[in-house]
Structures are given as C-alpha cells and as structure tokens.
Amino acid sequence: MTIWIPELESGARQAPRYRQIAESIGSAIATGDLSPGERLPPQRQLADALGVTVGTITRAYNEAQHRGWVQSRVGSGTYVCDEESAGLSFDVHVEGEDNGMIDMSLSFAPHHTWRQQCLRDALSEICQDPDAIAMASRYQADIGNPAHRKALADWLEHLGFTTRGELVVTQGGQHGLDLCLRTLTRPGELVAADALTYPGFNAAVRHAYLKPAGIPLDDDGMDIDALTRLCQRQVPRLVYITPDQNNPTGIALGEERRQQLAELARRHDFWLLEDHVQYLPPEDRGTSLLELAPERTLHVFSTAKVLSGGLRVGTLQVPQRLRDRIASSLRAETWMAPPLMAEAACRWIASPRADELIAWQTEEQQYRQQRASERLACYRPQGQLRGSNIWLPLPEGRRSSEVHALLESAGVRVSTPEPFCTGSEPAPQAIRLCVGSPHTRDALEKALEIIIEVLERGDTSPWSTL
Ligand SMILES: Cc1ncc(COP(=O)(O)O)c(C=O)c1O
C-alpha cells in the first residue's frame, strides 16, 4: 500500500520540520491529495520514510490538529477532518440549551425586551406595506437593494464609522469575513492576524484552507515590527484586524501603529480586513484603517452586537475596484442577503428606539465591565471600558482547561483560549468572559462569585499533587 509522504524543503532557512510537515498536510488537503476522512500514515511509518523522529511527526500531527485540519482518534490514528468534524473547534452553545447555566462564553449584546419589541414592530410595519412585501418576495441585486444600501450607509455614518467605496449587504459579520477571504485568496496562501483573534476568523481561514500567521500583540496591539519581519520572509495576502478592541483581549491598536500598518500594506501590497462588529461608541474608537488606506481596506460591520444576533444583516464596504469580484462571490454563495431581513433592519434603525437601545447598551456594558473588573481586580482583568469581553490571565500554575471544567460544573460557561489562537503559538493560560451575556445583573453577580470561588480554591486536579 502506498502512503502519503510530504516533500520537505532543504536549505539553511527552512522552517522547522514539524511545521513543514503540518503545512504539507494543509496543502495536500487543499489540493485534494488528502481527502476528508482519510487516515494519515502511522507516525512511525512516516518518521521512517522522512528520516525524522517519531516525536517530530507527533508534533506535526498535533499542529495540524490545532489548525483544525485533522483529528486524532484514540487507538485508531489521525484522520483528515470531514465536514462533520471540521466545525468542532468553532462549536458554540446557543442560549437556552442548558438550564441554569450562566453562559459567558458568547459575546451577546445585553438582554433587553426592546430587542424583541423592535423586531416585532419592524415586521408588523412590513406586513402592512404591500410594496415592502412585494420587494421582499423578489430577487434583488446581488450586493443588496439600493434603498437598503443607502439606509445602511447612512446608519454607519450616523454611528460615526468611516464610509467609503461600495457598500454590500451581507448576512452578518461572519459572512462578510468569509466573502473577503474567498474573493481575495487562494487555498494555501498566507493571511495574518493578531496571535489571538476572533475564532470565527480562524474558522473561516481553515475553511478556505489558508495558512494563518499569528502576529504577537502587546499593550499597543499588533506588533508591526513582527509583521514587517514576516513581510520580509513572505508577504501575506491580507491582514485581519479588529483595531479598537481585540477579541479576546480588548487591546486597541495604537494610533501610530495604525499609520504604520497602512504604510506597510501599501509598501507590500496586501489587503487590510478591518472588523468593527464588536461595537464601541465613536469616542472610544481610533482612526479607522478604512480612512487611512481606503484603496486596500475592506470593512466589516454587523447589526449583531447592537440590534440582534438573529437578524443576520451586516455590511461590507469594499474598494470600488473589488465590487464586481465581491458581487460574483456573493452570487456564487447565496445570490444575495435576504431582502426581508435587510428591510427589517432598515426599519428598525429608522426608529428612535435603535439609538435608545445602543445608548442603553453602552451604559449597561460599562456598568458590567466595571463591576467585573472590580470583583476580579486581583487577577488583573483586561478589557475596554465599554467593551463586551474580559480577558482573564489565570494565576500561576492554573490551567485554562481545568478552570473551564470546574466553572462548567459549577454552572458558569466561559471560553478557553485555544479557539482564539492564530497560527502555531501555544495558547496562554487565560479565559474569556463576555460580560453582556448573563441575562441579568444578578446572574452576572452570581457568575462572578463562582469564578472567584473557583480561582481562590486553587488547583484541585490530581496533577497538582505530583
Ligand atoms: C470580532 C467579530 N467579528 C465578527 C463577528 C460575527 O458577527 P455576526 O454575528 O454578525 O456574524 C463576531 C461575533 O461575535 C465578532 O466578535
């Protein structure tokens, strides 16, 4: 029986062997040389064939698993992910599934009955408007009905965002990101992002069989010197950035670094994918990359974190020259975002309740951030004053998997760091808490109490006694 054997580079500047093997696995999946469900060669056999140690192969397979390309099954081997298993690392638990669980693992906008009321009002208005019903029942232009595009562009401006180029109506922020990756990249190409970033971006990168590079972050955001060094070795096709609020750490990109990033993008000719889905009010934001480099920035926004996650309406702003390519990808994926949902979103944002809701939510998030930061102060939590997430580095010796499991059994769900890791850097020992998600302030208090108790209790796993 023939086995799949990757070709390794030779020469002085080659990447470590394990990484070359892991990347060959990704490329072989992209080209179809390895198929979904196929078993990778047994580790010893591949080690002998390549003249490397079994440890190198183990590390390579672990790396490929970390990237979401393969999955190891105890006692059986390592298999290329099929459609069922590929989604596992971006698995989400949806509200209402677990009785009694306080879920702080998903960044939902804080609960308010106005959200349902506003949707109900928008839908009843539509039902009473025969022209709107007729419009919603017909196919529309791929990038969206012109009236919706205009209303959404006006709304972005009203919220203080830069508006440039062509506005495309999408089915939410995730769709906007996926559309950009599908349009601008080919399988196997390199894309860069903060070393910790939004898991949905990482999932879309895997889904498109791209090679992710994680750029280290410090207190001022993405390390542009590190990105410059990457460009000297290999220029990424695109750099993804959430400039005002990194998800999960909450770190904002400094103003000078924004300028440097825009200049670097021009010098090396890569695209910038700017994501503002995690909403902050205008006074908490820095200069948009769309303003600094409009000719190469694609800008993603969504109604999810300000109106409602279920609407699935978002905006993608693209440079004029990309309009036709994006439109053709959109047609290939879904023809167009459903006009009924765009109509509901446009009616909702036209009502004064939309602004009132955003103002309420901004205050509520500030209250919750402050409350959680006060209670967890000794653990040095990180987060934006009015942001949705808190990043909590764990005390020395605590592991995020263990703290996650203890919290889950005590009725609080939080996120572990692995889904946020881009590229191959090891995950830090930390957890992410979404302060907006608990249904009420009381539920937040209860969750904080449990988190403190679990952290104070110390490591109770058997390993701590070894
Ligand atoms: C940074 C970021 N971008 C995009 C999205 C996806 O937004 P949507 O729900 O509109 O697809 C999220 C969702 O949490 C996010 O945090």
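Which helices and strands each supply at least two residues of the lining of the second largest pocket? I started my notes there. The model I have open is a predicted one.

**Entry 1: the pocket**

I looked up the elements behind the lining. The helix α1 (17-31), the strand β6 (211-215) and the helix α10 (224-233) each give at least two residues to the lining of the second largest pocket. I then asked which of them gives the largest share. That is α1, with 8 residues.

Next I checked the volume of this second largest pocket, and I noted about 990 Å³. Its lining holds 38 residues, and A15, R19, E23, K211 and Q234 are the closest to the centre. I also sorted the lining by class. I wrote down 15 nonpolar, 12 polar and 11 charged residues.

**Entry 2: a helix pair**

I moved on to helix α5 (residues 113-127) and helix α15 (residues 352-375). They pack at an angle of about 165°. Their axes are 11 Å apart. How do the two run relative to each other, roughly parallel or roughly antiparallel? Angles over 145 degrees count as roughly antiparallel, so α5 is roughly antiparallel to α15. I also looked up the handedness, and α5 passes α15 in a left-handed crossing.

Then I listed the residues that meet. From α5 I have W114, R115, Q117 and C118. On the α15 side they meet R353, E356, L357, W360 and Q361. By class, I put this contact of α5 with α15 down as 4 nonpolar, 2 polar and 3 charged residues.

Methods:
Residues numbered from 1 in each chain as written. Predicted model: local features only at pLDDT ≥ 70, side-chain atom pairs only at ≥ 80, totals over all residues. Heavy atoms only, no water. Axes fitted to C-alpha atoms, helices over the stretch in contact; angles between N-to-C directions. Helix = DSSP H or I, 4+ residues; strand = E, 2+ residues; numbered from the N terminus. Parallel < 35°, antiparallel > 145°, perpendicular 65-115°, else oblique. Left-handed = near helix turned anticlockwise from the far one by under 90°. Contact = heavy atoms within 4.5 Å. Nonpolar A, V, L, I, M, F, W, Y, C, P; charged D, E, K, R; others polar. 1 Å grid on protein atoms, 1.4 Å probe; cavity = no way out; pocket = protein on both sides within 12 Å on 5 of 7 lines; lining within 4 Å. Points joined across faces, edges and corners; volume = space filled by probe spheres on them.
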